[in-house]
Amino acid sequence: MTEERKFAIMFAAAILAARKLIDLDPDKPNMAKGFFVDRAIEDAAFILERIDARWPTIVNSFSARQE
């Protein structure tokens, strides 16, 4: 996995997790935080896989330019 892909997953996961984490009290320990973050990472990876499946030539041409 490239660093660009890791960053894209992290960025998308942060946006997806923020929706759930904003409602939690920051002063209280909460076991759900880990679940929300893990779920957001899985959702972000799923979204990127769907993008790769739909537009494989765009992804391949971009990664070829970087190397």
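Tutor: We will go through the fold, the core, the ring pair, the salt bridge and some through-space neighbours.

Student: Before that, what kind of model is this, and how are residues numbered?
Tutor: This is a predicted model, in which local features need pLDDT of at least 70 and side-chain atom pairs count only at pLDDT 80 or more, while totals for chains, interfaces and linings use all residues. Residues are numbered from 1 along each chain as its sequence is written, and side-chain values use heavy atoms, with hydrogens and water left out.

Student: Thanks! How many helices and strands are there in the protein chain?
Tutor: Helices (H or I, at least four residues) and strands (E, at least two) are DSSP runs, numbered from the N terminus. Here the protein chain has 3 helices and 0 strands, and its pattern along the sequence reads α-α-α.

Student: What share of the residues count as buried?
Tutor: The idea is relative accessible area: buried means under 20%, exposed over 50%, and partly exposed in between (1.4 Å probe, protein chains only). In this protein chain of 67 residues, 9% count as buried. For the total surface, accessible areas come from the Shrake-Rupley method with a 1.4 Å probe, and for residues only the protein chains shown count as cover. The protein chain exposes about 5700 Å², with carbon and sulfur atoms supplying 62% of that area.

Student: Which residues make up the largest nonpolar core?
Tutor: A nonpolar core is a set of buried Ala, Val, Leu, Ile, Met, Phe, Trp, Tyr and Cys residues joined through side-chain atoms within 4.5 Å. The largest one here has 6 residues, namely Ile9, Ala13, Ala17, Ala40, Ala44 and Leu48. Helix H1 (3-21) and helix H2 (32-54) are the elements that give two or more residues to this core.

Student: What does Ala13 touch, beyond residues up to four places away in sequence?
Tutor: Contact means heavy atoms within 4.5 Å. By that rule, and with those sequence neighbours not counted, Ala13 touches Ala40, Ile41 and Ala44. For the protein chain as a whole, take the contacts between residues at least 6 apart in sequence: 57% of them join residues at least 24 apart.

Student: Now the rings. Why is the pair of Phe7 and Phe11 classed as it is?
Tutor: A pair of aromatic rings is described by the distance of the centres and the angle of the planes. Rings of Phe, Tyr and Trp (its six-membered ring) pair if their centres lie within 6.5 Å; planes under 30 degrees apart count as stacked, over 60 as edge-to-face and the rest as tilted. The structure holds 2 aromatic pairs. In the pair of Phe7 and Phe11, the centres are 6.5 Å apart and the planes are at 20°, so this pair is stacked. Both residues lie in helix H1, 4 residues apart, about one turn of the helix.

Student: Which side chains meet in a salt bridge?
Tutor: A salt bridge is a side-chain nitrogen of Lys or Arg within 4 Å of a carboxyl oxygen of Asp or Glu. The structure holds 1, where the side chains of Arg39 and Asp43 meet at 3.3 Å, N to O. Both lie in helix H2, 4 residues apart, about one turn of the helix. Arg39 is partly exposed at 45% relative accessibility, and Asp43 is partly exposed at 28%.

Student: How far is Asp43 from Ala12 in sequence and in space?
Tutor: They are 31 residues apart in sequence and 8.5 Å apart in space, C-alpha to C-alpha.

Student: And what is Lys33 in contact with, leaving aside neighbours within four places in sequence?
Tutor: Lys33, in helix H2, is in contact with Leu21, Leu24, Pro26 and Lys28. Its C-alpha is 8.5 Å from that of Lys20, 13 residues apart in sequence. Lys20 lies in helix H1 and is partly exposed at 44%, while Lys33 is partly exposed at 32%.
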